[in-house]
Amino acid sequence: MYSEKVLEHFRNPRNVGIIEDADGVGTVGNPVCGDLMTMYIKVEDDRIVDIKFQTFGCGAAIATSSMATELAKGKTLEEALKITKQTVAEALGGLPPQKMHCSNLAADALKRAIADYLRKAGRIGDLKRLGLDNLPEEDEHDDHGELCPM
């Protein structure tokens, strides 16, 4: 059902934890399946120099969180925004169709963390330019509307 890479990132997730003085924090959740994901970023010169995550959810949610942080670390904000659910799933060697919404959460949490950073920095023009000005605030959770079967 899962690729070896998914299992590896589930068993040994990278970048787990909290960045206490994070420049940006993004939280997303799926109330239907119960997955909840928070990403924390540190930014220097518009580059993600550190990234951590906390995820409560299934193995795929943990694996996609781990992979998304690996893909984003060291990237510029604009490069990191190009990380999509498909990018994450492909980097993991694929996900079963019923688990694709888990990679949606990882990409969305990253986007929210970047948007939070730009808001805190007062960079409203960049929020608009990058299409992040319509994201819900941190405490509003998305309903991806998909059941996360075990």
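Two strands count as paired if DSSP finds at least two bridges between them. In this predicted model, strand β1 (residues 24-30) and β2 meet that test with seven bridges, in the antiparallel sense. One point of reference is G29, which stands opposite L36 in β2.

Now follow β2 to its other partner. Strand β3 (residues 47-56) runs antiparallel to β2, and nine bridges join them. Here I41 has I51 in β3 as its bridge partner.

How enclosed is β2 by the rest of the structure? Buried means under 20% relative accessible area. Seven of the 10 residues of β2 (residues 35-44) are buried, so the strand is largely enclosed by the rest of the structure.

Next comes the interior. In soluble globular proteins, nonpolar side chains tend to be buried together. The largest nonpolar core in this model has 36 residues. M39, I41, I48, L110 and I114 have the most contacts inside it. The elements that give two or more residues to this core are β2, β3, α2 (59-72), α3 (77-80), α4 (85-91) and α5 (100-120). α5 gives the most, with 10 residues.

Take I48 as a close-up. Which residues is I48 in contact with, leaving aside its neighbours within four places in sequence? The list holds I41, K42, A72, K73, G74, K75, L77, A80, L110 and I114. I41, L110 and I114 are also, with I48, among the residues with the most contacts inside the core.

Definitions and conventions
Residues numbered from 1 in each chain as written. Predicted model: local features only at pLDDT ≥ 70, side-chain atom pairs only at ≥ 80, totals over all residues. Heavy atoms only, no water. Buried < 20%, exposed > 50% of the residue type's maximum accessible area, 1.4 Å probe, protein only. Helix = DSSP H or I, 4+ residues; strand = E, 2+ residues; numbered from the N terminus. Core = buried A, V, L, I, M, F, W, Y, C linked by side-chain atoms within 4.5 Å. Contact = heavy atoms within 4.5 Å.
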